[in-house]
Amino acid sequence: MAPTRGDLDRILSKLAADLMARGLRCCGTVQINRSRLGVKDTYGGVGPCDMDVRVLPDGPVLRISQNLGPSARGCRLDLGALETAVGLVAADLNKGADLMIINKFGKHEAQGRGFRDVIAQSLALDIPVLLGLRPINRDAFETFAAGTAIELPPDPAAVRAWVDRVTAAKVEPL
């Protein structure tokens, strides 16, 4: 979890790029938020942003948000695009991986959908999972994780140290 909107997305995206450049086989998704100029969001900044996910390691970038218009206040997640991303990650997982990164255990995972089964499959294959979490979904995540999760601070060095431990030197040294 990270205190500032978008921080975790940036941390996970940079980490994934760095790890793959060093030879780690990553699968999953990282989120890319693209500003829409001229539109103020509820935080007083530019927004709402367009949300894309990049399927790791080198899969497509998929738009997972819908433009519902300037007055819309509901969920903008495109469920069809999310499920496409889930299917692509599941197929990549079957090819083998050293680490799975999922940008967020969100509302749909909390409800038993989205990436939930792929996360469970990864763990069953003994592939560590690194994921983002919003506080609103923490209780559902803790129920799902059943005491096996380790909370990391939103600090790139701390996250990298954890990845290095759980992947046991599968990454080339810096």
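Modeller: The answer starts with the overall chain, then takes the salt bridges, then the backbone details.

This is a predicted model, in which local features need pLDDT of at least 70 and side-chain atom pairs count only at pLDDT 80 or more, while totals for chains, interfaces and linings use all residues. Residues are numbered from 1 along each chain as its sequence is written, and side-chain values use heavy atoms, with hydrogens and water left out.

The protein chain holds six helices and five strands. Helices (H or I, at least four residues) and strands (E, at least two) are DSSP runs, numbered from the N terminus. In sequence order the pattern is α-β-β-β-α-β-α-α-β-α-α. Of the 174 residues in the protein chain, 42% are buried. Here buried means under 20% relative accessible area, exposed means over 50%, and partly exposed lies in between (1.4 Å probe, protein chains only). The accessible surface of the protein chain is about 9500 Å², and carbon and sulfur atoms supply 55% of that surface. These areas come from the Shrake-Rupley method with a 1.4 Å probe; for residues, only the protein chains shown count as cover. Among contacts in the protein chain with a separation of 6 or more, 62% are between residues 24 or more positions apart. A contact means heavy atoms within 4.5 Å.

Now the salt bridges. The whole structure contains seven of them, each being a side-chain nitrogen of Lys or Arg within 4 Å of a carboxyl oxygen of Asp or Glu.

One of them pairs Lys95 with Asp92, with 3.3 Å between the closest N and O atoms. Lys95 is exposed at 64% relative accessible area, whereas Asp92 is buried at 16% relative accessibility.

Another lies in helix 5 (residues 138-145), where Arg138 and Glu142 are four residues apart, or about one helical turn. Their side chains form a salt bridge at 2.8 Å, N to O. Arg138 is partly exposed, with a relative accessible area of 28%, and Glu142 is partly exposed at 39% relative accessibility.

Helix 6 (residues 156-167) contains the pair Asp164 and Arg160, also four residues apart and separated by about one helical turn. The N to O distance in the salt bridge between Asp164 and Arg160 is 2.9 Å. Asp164 is partly exposed at 32% relative accessibility, while Arg160 is buried at 15%. Salt bridges with shared partners also link Arg138, Glu142 and Glu151 into one network.

The backbone details come next. Ala146 sits in the loop between helix 5 and helix 6. Its phi is near 50°, a positive value in a residue other than glycine. Ala146 is exposed, with a relative accessible area of 60%.

Asp126 is another non-glycine residue with a positive phi, here about 65°. Asp126 belongs to the loop between helix 4 (116-124) and strand 5 (129-133), and at 70% relative accessibility Asp126 is exposed.

Finally, the peptide bond between Leu56 and Pro57 is cis, with omega about 10°. Pro57 is in the loop between strand 2 (50-56) and strand 3 (61-63).
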